[in-house]
Amino acid sequence: MAKTDVVVIGASAGGVEAVTSLVRCLPPDLDAAVFVVMHFPENSTSVLPQILNRLGTLTAEHATNGQAIQSGRIYTAPPGHHMLVKNGYIRLTNGPKENSHRPAIDPLFRSAAKAYGARCAGVLLSGLLDDGSLGMAYVKRHGGATFLQDPEEALFDAMIRNAMTHVEVDRILPTCGIAECLAEAASRPSEPLPVHPADNDLDPVELDSNELRRLEQFEKPSTFTCPECSGTLFELNDNGVTHYRCRVGHAYNPETLQAEQLEQLEAGLWQALRALEESVSLSRRLLERATSRGQARSTKYHEERLEENLGRVEILKRVLDEVGRPAFSRAFLMSTHTGADVEE
């Protein structure tokens, strides 16, 4: 097996604990560079490097655009930027969100797999939904080693189990077991393996609109619209993983798209409830005015409208209560795609 030069790690919910546990078990003389993408809100401040530096193993820092890659260091993606691995340096971009995140895991994994091939190792840790499944498939296809955190150890196992359905990963281990494998792979003798010239191979988050349209010439439009910009989503199958991308580059793996659809449904219901509550208030005012003026016909009319709207409000409140329940959410997510749309 090839020596590992770069390690890419993806995590989401519960990821701080998982990444900390893994890094704590890495040797301080690790002969590989480590890249970490964790889902953070774009306007937040990430203190992940400070947390990892307190462990006293490897030096961690937020990556900067154009930064040269050094072995024995940990580079974390700053909020609001995708982190890409090129041949010997790091590229940061504020391109379109993937799976509703920027930074997202898939772009990191894709770029590292293309640039370093068998010299890249991919690690997916605790998290929700399915960011990382497509990227892990890229690492596997390009000959890199693939690892998943033991789902029994992870605080949230959905991201791990989604990857398991799409990729035959090499090992599923607790975090310290993964660290041991990475240390062994990084200590292997270097071999003159070819490295893909990724400088000229742009990742989709780097593409402009014209280049994205050229991609779409070979893909079919889906029946879905982009939750971010309402544009048409094109269905792609990449490395055996179905995913969707719109004309401006927003991309979704199936589980994330389903979650966004549910969120849009709930937002629409709240808007409808707000409109009905306003209609109830207006009906009350009109009823009071008609009553004060002794307008019997108008009074009866506004009484009926008020009763109808109050009934609709109660119905909508019950629907919103159901939408917020986990059983409804799961049933909705399972019903929004057919088996041909989502690979189970």
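Visitor: When does a charge sit over a ring, and which residue lies over the face of tyrosine 301?
Guide: A charge sits over a ring if NZ of Lys or CZ of Arg is within 6 Å of the ring centre and within 35 degrees of the ring normal. In this predicted model, the distance from the ring centre of tyrosine 301 is 4.6 Å, and the residue lying over its face is arginine 305.

Visitor: How many aromatic pairs are there, and is the pair of phenylalanine 35 and tyrosine 75 stacked or edge-to-face?
Guide: The count comes to two aromatic pairs. For phenylalanine 35 and tyrosine 75, the ring centres are 5.3 Å apart and the planes meet at 25 degrees; since planes under 30 degrees apart count as stacked, this pair is stacked.

Visitor: How many residues apart in sequence are the parts that this pair ties together?
Guide: Phenylalanine 35 belongs to strand 2 (residues 33-38), whereas tyrosine 75 belongs to strand 4 (residues 73-76). Phenylalanine 35 is buried, with a relative accessible area of 0%, and tyrosine 75 is buried with a relative accessible area of 0%. The pair therefore ties together parts whose separation in sequence is 40 residues.

Visitor: Is the pair of phenylalanine 224 and tyrosine 244 stacked or edge-to-face?
Guide: The centres of these two rings, in phenylalanine 224 and tyrosine 244, lie 5.6 Å apart, with 80 degrees between the planes. Because an angle over 60 degrees counts as edge-to-face, the pair of phenylalanine 224 and tyrosine 244 is edge-to-face.

Visitor: Is phenylalanine 224 buried or exposed?
Guide: Buried means under 20% relative accessible area. Phenylalanine 224, in strand 10 (residues 220-225), has a relative accessibility of 11%, so phenylalanine 224 counts as buried.

Notes:
Residues are numbered from 1 along each chain as its sequence is written. This is a predicted model: local features need pLDDT of at least 70, side-chain atom pairs count only at pLDDT 80 or more; totals for chains, interfaces and linings use all residues. Side-chain values use heavy atoms; hydrogens and water are left out. Rings of Phe, Tyr and Trp (its six-membered ring) pair if their centres lie within 6.5 Å; planes under 30 degrees apart count as stacked, over 60 as edge-to-face and the rest as tilted. Helices (H or I, at least four residues) and strands (E, at least two) are DSSP runs, numbered from the N terminus. Buried means under 20% relative accessible area, exposed over 50%, partly exposed in between (1.4 Å probe, protein chains only).
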